[in-house]
Amino acid sequence: MKRIFLIAAILCSSLMVLQSCSPKGAATTQQPLKRGNVTGNWILNDITFEGIPQTSVKSLFGESSYKCFVGSTWRLTNSGNGSYSLPGGADCAAKTQTIYWSASTKEDTFQFKKLYEGDKAKNVTEGYRMLLSSTDGQTMVIKTPVEYGTTTAYIVLNFNKAAK
């Protein structure tokens, strides 16, 4: 009887070890996200929506309209300092906002805080956390989660690397 329990215990242990070593899904060809692919100057060339009608989105990052961001230039330095510049237009004022940003490639997130005159990034407690969907050094897609009804929808920011 003891031998049966010992054999069963060995078999169960072996199955657990083999299962923990097995692949967790189909192999993907997507390159891992790298912080170096995020730094640089970017142009926000398009904003799309997943799971939410665009007419439901009135503002973005505390600005009057998400449309003000189309054509904006984002400067993201390796130190985490940066800014975005809104081009201005019919209903939008031209503006440059200083930010402090970070990207976590482990969690696939991009986040930033707005900094105003005299602010230190470590003292600012409010900011924006988004999903860093993809970046290859030339294009970047960031998804901003928003609550829509009982589900999470996304405002999708599509960037292209700015010419030097």
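**Charged pairs and strands**

Modeller: Let's start with Glu 107, which is partly exposed, with a relative accessible area of 48%. Keep in mind that this is a predicted model.

Colleague: OK, which residue does the Glu 107 side chain meet in a salt bridge?

Modeller: That's Arg 129, at 2.4 Å from N to O. Arg 129 sits in strand S6 (residues 128–135) and Glu 107 in the loop between S4 and S5, so the pair links distant parts of the chain, 22 residues apart.

Colleague: And Arg 129, is that one buried or exposed, or in between?

Modeller: Arg 129 is partly exposed too, with a relative accessible area of 47%.

Colleague: How many salt bridges does the structure hold?

Modeller: Four. Among them is the one where the side chains of Lys 95 and Glu 63 meet, at 2.8 Å from N to O.

Colleague: Why does that pair tie together parts that are 32 residues apart in sequence?

Modeller: Because Lys 95 lies in strand S4 (residues 95–104), while Glu 63 is in the loop between strand S1 (40–50) and strand S2 (73–76).

Colleague: What about accessibility for Lys 95 and Glu 63?

Modeller: Lys 95 has 29% relative accessibility, so it counts as partly exposed. Glu 63 has 12%, so it counts as buried.

Colleague: Which other lysine meets Glu 63 in a salt bridge?

Modeller: Lys 114, at 3.5 Å from N to O. Lys 114 is in strand S5 (residues 109–115), and this pair also links distant parts of the chain, 51 residues apart. Both Lys 114 and Glu 63 are buried. Put together, Glu 63, Lys 95 and Lys 114 are linked in a network of salt bridges.

Colleague: Nice. Switching to the strands: which residues are on the covered face of S2?

Modeller: Trp 74 and Leu 76, with Thr 73 and Arg 75 on the uncovered one. In a regular strand the side chains alternate between the two faces of the sheet.

Colleague: In what sense do S1 and S2 pair?

Modeller: Antiparallel, over four bridges. Ile 43 stands opposite Thr 73 in S2.

Colleague: And how many bridges join S2 to S3?

Modeller: Four there, with S2 and strand S3 (residues 81–86) running antiparallel. In that case Arg 75 stands opposite Ser 83 in S3.

Colleague: Which residue takes a positive phi in the hairpin of S2 and S3?

Modeller: Gly 80, near 100 degrees, in a hairpin that has four residues between the strands.

Conventions
Residues are numbered from 1 along each chain as its sequence is written. This is a predicted model: local features need pLDDT of at least 70, side-chain atom pairs count only at pLDDT 80 or more; totals for chains, interfaces and linings use all residues. Side-chain values use heavy atoms; hydrogens and water are left out. Helices (H or I, at least four residues) and strands (E, at least two) are DSSP runs, numbered from the N terminus. Buried means under 20% relative accessible area, exposed over 50%, partly exposed in between (1.4 Å probe, protein chains only). Two strands pair if DSSP finds at least two bridges between them.
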